Each structure stands twice: as structure tokens, then as C-alpha cells.
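Here are a few notes to go with your first look at this one. Have the viewer open as you read, and take the points in order.

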Amino acid sequence: MNYEPGTLIVLIGGSGAGKTTYATKHWPGSWRLNLDSYRAMATDTEADQSATPVADQVQTLLLDARLSRNLTTVVDNTDLMPHVRAGLLARARYWQRPAAALLFTAPLQLCRERNAARDRVVPDHVLVEQHRLLPTAEQLLGEGFAHVEEIRVGDDTGMSDDPTGVWT
């Protein structure tokens with residue numbers, strides 16, 4: 001999908017669902033904002049959740065800097081909580097920029113396997129909760145995203161470059 005310049009693109013999905021892999025393949029690094037990176041900068045580890053408030057402040061500053069300049073911006077976090085998405089949508093509205101969501105759906109077992117292979121392992125109870133919190137495309141449209149694409153991960157062919165479902 002081609003996005004209008006200056007679009008806020010929010011990646012939504014559990015840990016290990018393929019968000020960062022997809023983002024790295026499709027967009028330049030300067031377009032991507034990621035809380036893990038900012039936590040690592042603050043504490044030398046992505047896993048230190050105590051740094052999330054600082055990481056969120058950094059992300060918000062960069063988000064505003066990019067949207068104010070009409071630069072396409074990709075937020076590569078789990079973004080599973082409605083209030084977090086509402087904050088991102090509010091920033092897009094403030095800067096009068098369109099907002100799109102990419103919803104990554106992957107089987108829980110695949111996310112468990114991918115997380116086990118990482119340096120930073122997400123606890124299993126957190127993975128289960130992330131899957132419970134995963135919104136539907138219809139919910140995301142109702143929240144205010146102008147466009148939602150679903151990326152289904154984990155079928156026999158692997159992750160596709162093409163979305164499996166598109167809603168506007």
C-alpha cells in the first residue's frame with residue numbers, strides 16, 4: 001500500500017508477531033519509532049520496563065517533530081492498549097495527518113517460539129495477555145484509523161508482503 005506523505009502508520013501486534021521485521025523491510029530506519037530502542041538508550045537494555053516513561057517522552061518528541069514536517073512516521077511498538085493508540089491518533093489529528101494501522105496477527109505458539117530465540121524474552125503470561133488484547137480491524141476503524149491492513153503471520157508461506165485484509 002502506498003501511503004500519503006506524512007501518514008502516521010501504527011504497527012499493532014504482540015511480541016514476536018513480525019512488526020519490526022516487516023518495518024525494517026518496508027521503511028527506512030529514520031521513519032521508524034520504537035520504544036525498545038529508546039529504553040535501550042536510557043538503560044542499556046530494551047527489557048528494562050522502568051524506562052518506558054522516558055522512552056515514551058522521546059518517542060512523542062520525535063513523533064511531533066516528524067508529523068509537524070509532514071514526514072511519514074512508523075510507530076513500531078505493540079500498541080495493544082486502546083489509550084496508547086488514542087494518544088497516537090490525537091497526535092495525528094493535532095498535526096492534521098492521516099493515520100493508518102497495520103494489524104499483525106500471529107498464532108500464540110509462533111510468538112512463543114520467536115520470543116524464546118531472542119535475547120530479550122517476553123514472559124509467557126505477557127504473551128498470552130497480548131493475544132487477548134489484540135484488537136480487530138473493525139475496532140481500529142472505530143477508534144479513528146482511516147485505514148487498517150491486517151498482516152497474518154505464520155501460515156505455510158510465511159509472512160507476505162501483501163496484506164491479507166484491507167479495511168477503510
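1. A term to start with: a polar contact is a pair of N or O atoms within 3.5 Å, where, within protein, one must be able to donate a hydrogen and the other to accept it. Keep in mind, too, that what you're looking at is a predicted model.

2. With that in hand, go to aspartate 64. Its side chain makes a polar contact with the side chain of tryptophan 95, at 2.9 Å. If you set aside the neighbours within four places in sequence, aspartate 64 is in contact with Arg91 and Trp95.

3. Where does aspartate 64 lie? You'll find it in helix α3, which covers residues 52-68. And is aspartate 64 buried or exposed? Buried means under 20% relative accessible area, and aspartate 64 has 18% relative accessibility, so it counts as buried.

4. Now hop over to helix α2, residues 35-43. Which residues of α2 are buried? They are Leu35, Asp36, Tyr38 and Arg39. Look down the axis of α2 and these buried residues fall within an arc of 165°, so they line one face of the helix. As for what they pack against, it's β2 (32-33) and α3. That brings us back to α3, the helix that holds aspartate 64.

5. Both ends of α2 deserve a glance. At its start, a side-chain oxygen of asparagine 34 reaches to within 2.8 Å of the backbone nitrogen of aspartate 36. After the helix comes aspartate 44, with a positive phi near 70°.

6. Time to zoom out. The protein chain has seven helices and six strands. Reading from the N terminus, the elements run β-α-β-α-α-β-α-β-α-α-α-β-β.

7. What about the overall shape? The C-alpha atoms fill a box of roughly 40 × 40 × 25 Å along the principal axes. For 168 residues, a compact globule would have a radius of gyration near 15 Å; the protein chain has 15 Å, so the two agree.

8. Some totals to finish. Buried residues make up 42% of the 168 residues. Take the contacts between residues at least 6 apart in sequence: 73% of those join residues at least 24 apart. The accessible surface comes to about 8,700 Å², and 54% of that belongs to carbon and sulfur atoms.

Terms used
Residues numbered from 1 in each chain as written. Predicted model: local features only at pLDDT ≥ 70, side-chain atom pairs only at ≥ 80, totals over all residues. Heavy atoms only, no water. Helix = DSSP H or I, 4+ residues; strand = E, 2+ residues; numbered from the N terminus. Buried < 20%, exposed > 50% of the residue type's maximum accessible area, 1.4 Å probe, protein only. Contact = heavy atoms within 4.5 Å. Arc of directions from axis to C-beta. Rg over C-alpha atoms; globule rule 2.2 N^0.38 Å. Areas by Shrake-Rupley, 256 points an atom, 1.4 Å probe, with all protein chains shown as cover.
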